[in-house]
Every structure is written in structure tokens, then in C-alpha cells.
Amino acid sequence: MQIRLNGQPYTLAESASIVDLLQQLDLTGKRLAVEINEEIIPKSRHAATLLQANDQVEIVHAIGGG
């Protein structure tokens, strides 16, 4: 299925969850925020949240600093 990932077309398997997407992108265990269709999805819901065709997905890395 096709989604938009950070503004670019991206293809992934049907019934993929946020966790599946993060694994495919080699982002597992990283500090980041995931937004789907302008809604921030808490990390506690990543495994249960399935992506749908044409979803707009934004992944933002958290960067520490001072």
C-alpha cells in the first residue's frame, strides 16, 4: 500500500503497524514522535495502530540539547 512518509510517497505491506514501519526504517528504539493524519500517536499505541493506504505519516526525531 502507498502512504506519504514525511511528505514523500512510501510503499509498505498491507496491515502494517507503526512498529512495522519503524522496523523497516531501522528506527526501533530511537527517541521520536509519530504523527498520522495530523494526530500524534503515543508510543504505547504504536503496535496496535495499523496504517491505512494514503495515510500522511510524519516521523520526527527527538534531539536533546541544552
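Modeller: Let's start with strands 1 and 2: strand 1, residues 2-5, pairs with strand 2 in the antiparallel sense, over four bridges. Keep in mind that this is a predicted model.

Colleague: Thanks! Which residue stands opposite I3 in strand 2?

Modeller: Y10 in strand 2 is the one facing I3.

Colleague: And what holds paired strands to each other in general?

Modeller: Strands of a sheet pair through backbone hydrogen bonds, and they can run parallel or antiparallel.

Colleague: Okay, how many strands form the sheet here, and in what order?

Modeller: Five strands, in the order 2-1-5-3-4. The sheet is open and its pairing is mixed.

Colleague: Which strands stand at the edges?

Modeller: Strand 2 (8-11) and strand 4 (39-41) do. Each has a single partner strand, so one side of each is left without a neighbour in the sheet. From one strand to the next, the twist averages 35°.

Colleague: New topic: where is L32?

Modeller: L32 belongs to strand 3, residues 32-36. L32 and V60 are 28 residues apart in sequence, yet their C-alpha atoms are 5.4 Å apart in space.

Colleague: What does L32 touch, leaving out residues up to four places away in sequence?

Modeller: L22, L27, I59, V60, H61 and A62.

Colleague: Now S17. Is that one buried or exposed?

Modeller: S17 is buried, because its relative accessible area is 6%, and under 20% counts as buried. You'll find S17 in the loop between strand 2 and helix 1 (18-24).

Colleague: What lies 3.3 Å from a polar atom of the S17 side chain?

Modeller: The backbone nitrogen of V19. Further along the sequence, S17 also touches H46, A47, T49, L50 and L51.

How values were computed: Residues numbered from 1 in each chain as written. Predicted model: local features only at pLDDT ≥ 70, side-chain atom pairs only at ≥ 80, totals over all residues. Heavy atoms only, no water. Pairing = 2+ DSSP bridges. Helix = DSSP H or I, 4+ residues; strand = E, 2+ residues; numbered from the N terminus. Axes fitted to C-alpha atoms, helices over the stretch in contact; angles between N-to-C directions. Contact = heavy atoms within 4.5 Å. Buried < 20%, exposed > 50% of the residue type's maximum accessible area, 1.4 Å probe, protein only. Polar contact = N/O pair within 3.5 Å; in protein donor to acceptor, adjacent residues only side chain to side chain.
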